[in-house]
Amino acid sequence: MKKITIAIDGHSSCGKSTMAKDLAREVGYVYVDTGAMYRSVTLYALRKGLFNDDGSVRTDALEAEMQHIRISFKFNPETGRPDTYLNGECVEQEIRSLEVSSHVSPIAAVPFVRTAMVAQQQQMGKDKGVVMDGRDIGTTVFPDAELKIFVTASAQVRAQRRYDELKAKGMPADFDDILKNVEERDYLDSHREVSPLRKADDAIELDNSNMTIAEQKQWLLDRFNERTA
């Protein structure tokens, strides 16, 4: 069976990562969570105090720090999925916090950050056999990907999923705050100058508002089998 590149794009908290991770494990592909990469840069910036009081990024200071930011993924045998590492430290839990979620869009809009992350992502996927999810995988990172999926769901559904995820991890969560964050991220992601979130012309759209994880998994596996047959 030929190996292909699979690009899964879509709005925040719509289940892209879960779908991508499950498919990668099912078909033996490498999974890359590009959103986790931008979240890791955001966590680094928060730790270093690289945000102004109004939430904007101190871009000059961040650019000087980019050479010190190394992001990698290591398989976790307990969860069966890869964890995200920032300069050798596992940050999988920290990067999912609401504080990081609230600051990630301005970081992801910085041109030199995107350039650095896209270069790393393209290197990770150069040999195909990769599943990558994010905001611009099918449009910018892998415009020639053999299978492109664009995932969406209503803002209320996505906020509820995020709320449930945080509560399940024992982390603080407020539904109204999360819904506001989801809606703000949608706007920022869709209106940034560099690689804005948009559906690629040749992407297959999936609205999973009313689908179970099992149904989404089967739907994606069917699309994969069609493209690799």
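**Close-up views of a predicted model**

**View 1. Met171 sits in the loop between α7 (155-168) and α8 (175-191).** Helices here are DSSP runs of H or I with at least four residues, strands are E runs of at least two, and both are numbered from the N terminus. This is a predicted model, in which local features need pLDDT of at least 70, side-chain atom pairs count only at pLDDT 80 or more, and totals for chains, interfaces and linings use all residues. Residues are numbered from 1 along each chain as its sequence is written, and side-chain values use heavy atoms, with hydrogens and water left out. Met171 counts as buried because its relative accessibility is 16%; buried means under 20% relative accessible area, exposed over 50%, and partly exposed in between (1.4 Å probe, protein chains only). Setting aside neighbours within four places in sequence, Met171 is in contact with Gln93, Arg96, Ser97 and Leu166, where contact means heavy atoms within 4.5 Å. Gly55 lies 116 residues from Met171 along the chain, and their C-alpha atoms are separated by 23 Å.

**View 2. Strand β6 (residues 130-134) is largely enclosed by the rest of the structure, because 5 of its 5 residues are buried.** Take a look at both faces of β6: Val130, Met132 and Gly134 are buried on one side, and Val131 and Asp133 are buried on the other.

**View 3. Strand β6 has parallel pairing with β1 (residues 5-10) and with β2 (residues 30-33).** Two strands pair if DSSP finds at least two bridges between them. With β1 there are 5 bridges, and Ala7 has Met132 as its bridge partner in β6. With β2 there are 4 bridges, and here Asp33 has Asp133 as its bridge partner in β6.

**View 4. An open sheet of 3 strands runs in the order β3-β4-β5, with antiparallel pairing.** The edge strands, each pairing on one side only, are β3 (71-76) and β5 (89-90). In general, strands of a sheet pair through backbone hydrogen bonds, either parallel or antiparallel. Between β3 and β4 (residues 81-86), the antiparallel pairing covers 6 bridges.

**View 5. Cys14 is buried, whereas Cys90 is partly exposed.** The structure holds 0 disulfides, a disulfide being a pair of cysteine sulfur atoms within 2.5 Å.
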